Amino acid sequence: MNAAARTLLQMRYVNKAYWRNPAAAFFAVAYPLMFLVIFTSIFHNSTVEFGAKSVNEATYYVPGMAALAVITVCFNNIAVAITFQRDSGVLKRINGTPLPSAVFFGARILHAVLVSVLLVIITAAFGHAFYSADIPTGAALARTLVVLAVGAAAFCALGFAISSVIPNADASLPIVNAVILPLLFLSGIFIPLIDAPAWMVWVGRVFPISHFLTGMQAGFLGGPFNWTDVLVLIAWGLGGLLFAIRFFRWGPRTG
């Protein structure tokens, strides 16, 4: 059996394990929709200046919450799940089997990307049905899929990377939230950075969330698409992958 077939087989196992936990799967779907309803209710009938046009606040939040769904599944969930599996000894047992490391990582990334695509479809359909949000078509859809695939893979790699520095399972949620929540605000996921200080916008653009959001907004809201955003995501993803390869631990930290 070649590596591709092994990866698909392992991905089927990861997928079954994921959907056999219905509570986790339900909240993964409900999380972006909940925030979409909250923010659209708070800013009802408001408009946001997006490029040269005004966009209804409800429509504006659809790509943002779709991006949030991807980040949650690919970064948060992977970092926390890997840390718990490492501390419980699951990773150590997996490492003792003939399963190649590349197959293990590839299966986790492929599964997270596929779940991300599903969540984006659900969020877009919800936004279209209840807020008349536009859905990308044609060339815009193709570019959005590229941003989605590259961004999801990059955040998966970063999830593996940060799991390498989390000391134990109890610290996983606090550390992941401490890293991701400020960046979500600095990138404009929750609140449009229209009148934000220049330094705040600059700091947000250093990190990948801002570039991922910009790429998703280009597809959903018809804004300008910039391939630089994709290149930044690739650079962060490669950096996270190299860091994970160098520092990833299969067993719990001792001492």
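## Helices and the model

Helices here are DSSP runs of H or I with at least four residues, numbered from the N terminus. By that rule, Gly237 sits in helix α10, which covers residues 227-247. This is a predicted model, so local features need pLDDT of at least 70 and side-chain atom pairs count only at pLDDT 80 or more, while totals for chains, interfaces and linings use all residues. Residues are numbered from 1 along each chain as its sequence is written, and side-chain values use heavy atoms, with hydrogens and water left out.

Back to Gly237: at 11% relative accessibility it counts as buried (buried means under 20% relative accessible area, exposed over 50%, partly exposed in between, with a 1.4 Å probe and protein chains only). Setting aside neighbours within four places in sequence, Gly237 is in contact with Ala154 and Ala157, where contact means heavy atoms within 4.5 Å. Thr214 is 23 residues from Gly237 along the chain, and their C-alpha atoms are separated by 17 Å.

## The largest pocket

Rolling a probe the size of a water molecule over the atoms shows where empty space is left. The search runs on a 1 Å grid over the protein atoms alone; a pocket is an open set of points where a 1.4 Å probe fits, with protein on both sides within 12 Å along at least five of seven lines, and lining residues have an atom within 4 Å of a point. The largest pocket holds about 700 Å³ of space, taking volume as the space filled by probe spheres set on the points, which are joined across faces, edges and corners. Its lining has 27 residues, and the closest to the centre are Tyr18, Ala24, Asn77, Ala81 and Arg108.

The top contributor is α3, with eight residues. By type, the lining splits into 18 nonpolar, eight polar and one charged (Ala, Val, Leu, Ile, Met, Phe, Trp, Tyr, Cys and Pro count as nonpolar, Asp, Glu, Lys and Arg as charged, and the others, Gly among them, as polar).

## Arg108

Arg108, one of the residues closest to the pocket centre, lies in helix α5. Is it buried or exposed? Buried, because its relative accessibility is 12%. Leaving out neighbours within four places in sequence, Arg108 is in contact with Val14, Ile78, Ala81, Ile82, Gln85 and Phe160. Ala81 is also on the list of residues closest to the pocket centre. Leu238 is 130 residues from Arg108 in sequence, yet 16 Å away in space, C-alpha to C-alpha.

## Helix α7

The length of α7 checks out: its 15 residues should span 21 Å at 1.5 Å a residue, and its end C-alpha atoms are 22 Å apart, which agrees. The expected span is 1.5 Å times one less than the number of residues.

On the buried side, α7 has Ser172, Val176, Ile180, Leu183, Leu184 and Leu186. These residues pack against α3, α8 (198-206) and α9 (208-221). After α7 comes Gly188, with a positive phi near 90°.

## Two cysteines, no bond

A disulfide is a covalent bond between the sulfur atoms of two cysteines. Here the test is a pair of cysteine sulfur atoms within 2.5 Å, and the count comes to zero. Cys74 has its closest cysteine sulfur in Cys156, but at 3.7 Å that is too far for a bond. Cys156 is likewise in no disulfide. Both are buried: Cys74 has a relative accessible area of 0%, and Cys156 is at 0% relative accessibility.

Most residues other than glycine have a negative phi. Ser132, not a glycine, has a positive phi of about 55°. It is found in the loop between α5 and α6 (138-163) and counts as exposed, at 57% relative accessibility.

Leu141 is in helix α6 and is partly exposed, with a relative accessible area of 35%. Phe105 is 36 residues from Leu141 in sequence and 28 Å from it in space, C-alpha to C-alpha.

Key. Helix = DSSP H or I, 4+ residues; strand = E, 2+ residues; numbered from the N terminus.
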